[in-house]
Amino acid sequence: MKYLQKTIVPIISVIISFVCIYFAYRKIDFNLFFQTLSKANYLYIILASILLYITIWIRALRWNIILDKKFDLYNLFKIQMIGYFANYTLPLRVGELLKSVLLGSRSNISKSYIFGTIVIERFLDMFILLLMISIALLISPIGYINEVPMYWYLLIVFIILCLFIMLFKILKIIRNRFLKNLISNFILAYEKLSFNQFLYSNLLGIVIWVIYWINVDLIFRAFGANVEWYASLLILIVSSITLSIPSLPGALGTFHLAVTLTLSSLSIVDENLILPFVTILHGYGYLLLTIIGFYYFIIDKDIGIKQLI
């Protein structure tokens, strides 16, 4: 089993990514591609980058609410950035584990409890994604994405949410019967979550995801494509769901192919704009968060790799 996890799963992820990259870019005209990129209005991309940067501060604030502790917000922000850096450069989303280790080593709080709060963060993101899909069903005249009915996307996210809840319930049973000392702190994060924490965290989550929605529209505008708001929302939904598909770190390949196929099926922009748009939509956030996260992890004197050595 360990052999499969360490070798087979990563190999399958690499194969999936390279296959997706091939099919996404197999018909690329490099001259036209770079010409389109050169004509883009990068002020929109800069604005999207600033807004994305702000969402990390909001995520830090939301995490502080879930932790129910008075941590320094800037430290939580830096740890969030380091988490993105690790997730975008290392396999198996180890950034989530790294975040719990970094914060746990700076406090007297159990690392398993902190990891439990990170899992709750992901649950809340899926909850807001479920809300976004519901909004898309209400405002979009398009009932299918890539020949898949919209309600199937709703069902997929709903099943994932149910799996999150089942995970905590099952671990709670295991804790009580077998591994009490090992996972009790992890479960505690779920058990301590109050209604007010859930409410405030979701309000912040809505702000985060609305910014993501705006950013997709800004990248469209960078290429002179003034699409309807529902179209930007559909792209956000598809790109978010692709993060659950095994691939190279940062959803390389899977993101590109999924969004390319979606844009082709929706026919909302010129075919020549699709690959430049997809490249920038993925690249602006990938580069911003990786570079800043790298700085905090490697160079920053207060937190990061020096804390682990």
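**Aromatic tour**

With ring centres required to lie within 6.5 Å, the count comes to 23 aromatic pairs. The model is predicted.

**Stop one: Tyr 74 and Tyr 296.** Select both rings. They form an edge-to-face aromatic pair, 6.2 Å centre to centre, with 80 degrees between the planes. Now show the helices. Tyr 74 belongs to helix α4 (residues 73-89) and Tyr 296 to helix α12 (residues 271-299), so this pair ties together parts that are 222 residues apart in sequence.

Is Tyr 296 buried or exposed? Tyr 296 counts as buried, at 7% relative accessibility. The cut-off for buried is under 20%. Tyr 74 has 35% relative accessibility and counts as partly exposed.

**Stop two: Tyr 295.** Tyr 295 is partly exposed, with a relative accessible area of 39%.

**Stop four: Lys 99 and Trp 63.** Clear the selection and pick this pair. What sits over the ring of Trp 63? The charged end of Lys 99 does, at 5.3 Å from the ring centre. The distance cut-off for such a contact is within 6 Å, taken from NZ of Lys.

Notes. Residues numbered from 1 in each chain as written. Predicted model: local features only at pLDDT ≥ 70, side-chain atom pairs only at ≥ 80, totals over all residues. Heavy atoms only, no water. Phe/Tyr/Trp six-rings, centres within 6.5 Å; stacked < 30°, edge-to-face > 60°. Helix = DSSP H or I, 4+ residues; strand = E, 2+ residues; numbered from the N terminus. Buried < 20%, exposed > 50% of the residue type's maximum accessible area, 1.4 Å probe, protein only. Lys NZ or Arg CZ within 6 Å of the ring centre and 35° of its normal.
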